[in-house]
Amino acid sequence: PQTIFLSNYMAPGWHVESVNLTFKLAPEATRVISRIAFTPNPDAPAQPFMLHGEELTLISAAIDGVAVSPDLTAAGLTCDVPDGAFIWEAEVEIAPVKNTALEGLYMSNGMYCTQCEAEGFRKITYYPDRPDVMGVFTVRIESDLPVLLSNGNATASGAGWAEWHDPWPKPAYLFALVAGDLVAHNDSFTTMEGRDVELNIWVRAADLDKCAFGMGALKRSMVWDEQVYGRAYDLDIFNIVAVDDFNMGAMENKGLNIFNSSAVLAKQSTSTDADFQRVEAIIAHEYFHNWTGNRITCRDWFQLCLKEGLTVFRDQSFTGDLHGHAVKRIEDALVMRNRQFQEDAGPLAHPVRPESFVEINNFYTVTVYEKGAELVGMLKRLVGDDGYRAALDLYFTRHDGQAATIEDWLAAFTDATDRDLTQFKRWYAQAGTPRLTVTDDFKNGTYSLHIAQQTPDTPGQTDKLPLHIPVAVGLLDDTGAEVVATTLLELTEAQQTFTFDGLASKPVPSILRDFSAPVIIERDVTQAEQAFLLTHDTDPFNRWDAGRSLARAVLLDMIANGGDLDAGYINGLRAALTDSTLDPAMRALLLAMPSEADMAIALAGQGQTPDPDAIHQTRRKAQRQLAEALATDIPAVLSSVRIDAPFAPDADQGGRRALSNSLLSLLTWADKGTAAQAQFDTADNMTQQLSALSILLAHGAGDAAAQAFYDQWHHDRLVLNKWFGVQISAAQPQDAVAVATRLTQHPDFEWKNPNRFRSVIGALTGNQAGFHRADGAGYDFVADWLIKLDPVNPQTTARMVAGFDSMRRWDDARREKMRSALTRIKDTPGLSRDTSEMVTRLLS
Ligand code: B3K
Ligand code: ZN
């Protein structure tokens, strides 16, 4: 397979002025008739005329009305064309019902839908399928199905047909079409510019009662983007469609967002608080793409973070504004540390702007998305709120309607704020997580912080240069009073010293407040100092982080030396738990012990080889001992966070439910499940029902509840995904593979549905001790299923192979078993380009 390089970018030889598409829909034989007006691009180097096209049957082609016979290849076609502007016409045939890869035009439960990003449009018709070719689309759909949708505004319709016109030039990856027997949850919105917009969420009739929350989220997003970024919606209609078979969360097609049903449908009885929050965030994310992604798109796929990092940053800010920044920042930092740092430290590490790829779909990663968002956040910290707004305004004005690059993005910041971002730009090019080694001293009233930075080697990259890193710092005195409020230090050298004068005594530093940069801090901190910060830090993120570091240190100590859970840690948690001034959500976060993956990462970071079973057993023991120690405190806290109001999926109630469920989990050690069973039986919402089930299963007392849950919910495919997943996530290590195996034999295991597949296979890779069973049965089970899925759905297979990327962390025996499972995948005849790129990188 061919590797594509950023350095080989070449401007397109032709622009597209307009595109007219007619779809005559039929499951086995859809005809797509295209009429494209091309004009030569005077700024491009001379090049042959080439259109992308894959898995298409060409029926006819013509240029300026004269039939032509292009040269066909597996990747598309080439053809002699006139010197100036010309009209290309073609008719192709495709078979949506056979499209199990869910890329291009495909069918899901009798409806037609599309997914074109990144390079799926070429499976619909011949086209210059690259993001820097932007055209105005007019679409006619012919089908007997009642609802026919495409991008832009509806212009005309009749029995069996509909026409849509999108006035905004767009790349082909934003094209969308939907046809189905759907109903709409309808609403409207008037923009700050006075435009009346029709809003619809299209679903199957049975799902109509799950749309209200998503509609509210959409309207909140529209208001927020106007108020915070000054960006209004720009069409008369905004459609969202829920689809059951979808490879990811959702897609921002212009005016016609298509969503995985799990990312848009929500209601009290079937959705957890986490589901509600995820739905709101994804609706916001896709909506925000209308400006950051659609109006300004990417010149090429290497610039993916231009739209994704920025849009993730925007959806994170939105969620923080609506529900509280402290908790959101902790959640985002957990994703960075548990997933992105992991990716950055392993065989799949790549820069936020990669320099090469084989299959671009493999680069929709936590590095491009979440680390990309962190880079935007760091820029904002460096230029300040006003500078950020000025830079964004300039970016929108300057590049509206264009396909832009990271260079354009940074130039907007430099031009609007006069900041030199030459060094900052290295963040886009250097992979790996920087390590900051911090030491300090105190002399004559002056406190000095010495910070050294170093970024480790990553695949294909050595000898990293120093980065421009914003490090937010505050100082506390020994009574816990803040003597220096949060100050932003700008680390630019490999080693640098920052001083603070006029202090009466040596302060306690609170470093990297609000997780001001995606880095790892290495500093010798005593458990006493962590406990002090857990009590006194004024920065909520660092307060939580001190508790988390303390917990980690205590658990690692138990793994190494045995013994019991540290009393100082228990007392710190008791103080936090019973501190009614602390938000319940924050208390729940403090109470949550580091995950098993977190501990494995920590051990590996100390140069040790983690033992997944020891981690699992120690964590369980710690939880049991914590439960015993806090037993008398729990009832009062539980009653103080009881909810008397009707259910609402908001931050306050969500925090209360999160804390109660953590406490329920602790209570279960003593009562063996009585309280959990009672909650399971009486819950009126999915958060409480599912957590009760999970707790019962984890304590080996969940068989009856699991059966009852199935009986109650087997008709609801989204809830059924939870039923599959929870049995595996909550299984004990020795049982997890057997449970997963049994569930794959269940009649409801529809493995070609990506959500269902992930709910079983993904749940197993997420059960650390279960997946990493010493005999390798977890690896074999997952490899078998990935080999089976690959010919059906390469994208989802390739994404899930990444579950093996912790390989280097484990002992030789496990690593060898993982390698041989991966090698077995790699040697599978006919393996997809997607999966083969991933296994090759994992094995290198
Ligand atoms: N832009 C899409 C992701 C497309 C993934 C293609 N493999 C959704 C999003 O990030 O909003
Ligand atoms: Zn996105």
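Reader: Which residues of helix H26 (residues 833–843) are buried?

Author: Please keep in mind that this is a predicted model. A residue counts as buried if 20 or more other C-beta atoms lie within 10 Å of its own. In H26 the buried residues are Asp 834, Thr 835, Ser 836, Glu 837, Met 838, Val 839 and Leu 842, and what covers them includes helix H24 (794–801) and helix H25 (812–826).

Reader: In which sense, parallel or antiparallel, does strand E12 (residues 135–142) pair with strand E2 (residues 14–24), and in which sense with strand E15 (residues 161–170)?

Author: Strands of a sheet pair through backbone hydrogen bonds, either parallel or antiparallel. Here E2 and E12 pair in the parallel sense over seven bridges, with Thr 22 having Arg 140 of E12 as its bridge partner. E12 and E15, in turn, pair in the antiparallel sense over seven bridges, and Val 139 stands opposite Trp 164 in E15.

Reader: What is the order of the strands in the open sheet of five strands, and which strands stand at its edges?

Author: The order is E17-E18-E19-E21-E20, with mixed pairing. Strand E17 (183–190) and strand E20 (250–251) stand at the edges, each with a single partner strand, so one side of each is left without a neighbour in the sheet. Helix H1 (residues 212–229) packs on this sheet, touching E17 and E18, and its direction makes about 25° with that of E17.

Reader: Over how many bridges do E18 and E19 pair?

Author: Strand E18 (residues 196–203) and strand E19 (residues 237–243) pair in the parallel sense over five bridges, and Asn 200 stands opposite Asn 239 in E19.

Note on methods: Residues are numbered from 1 along each chain as its sequence is written. Chains are lettered from A and ligands numbered from 1 in the order in which they are written. This is a predicted model: local features need pLDDT of at least 70, side-chain atom pairs count only at pLDDT 80 or more; totals for chains, interfaces and linings use all residues. Two strands pair if DSSP finds at least two bridges between them. Helices (H or I, at least four residues) and strands (E, at least two) are DSSP runs, numbered from the N terminus. A residue is buried if 20 or more other C-beta atoms lie within 10 Å of its own, exposed if 12 or fewer, and partly exposed in between; C-beta atoms are placed from the backbone. Two residues are in contact if their C-beta atoms, placed from the backbone, lie within 7 Å. Axes are lines fitted to C-alpha atoms, for helices over the stretch in contact, and angles run from 0 to 180 degrees between N-to-C directions.
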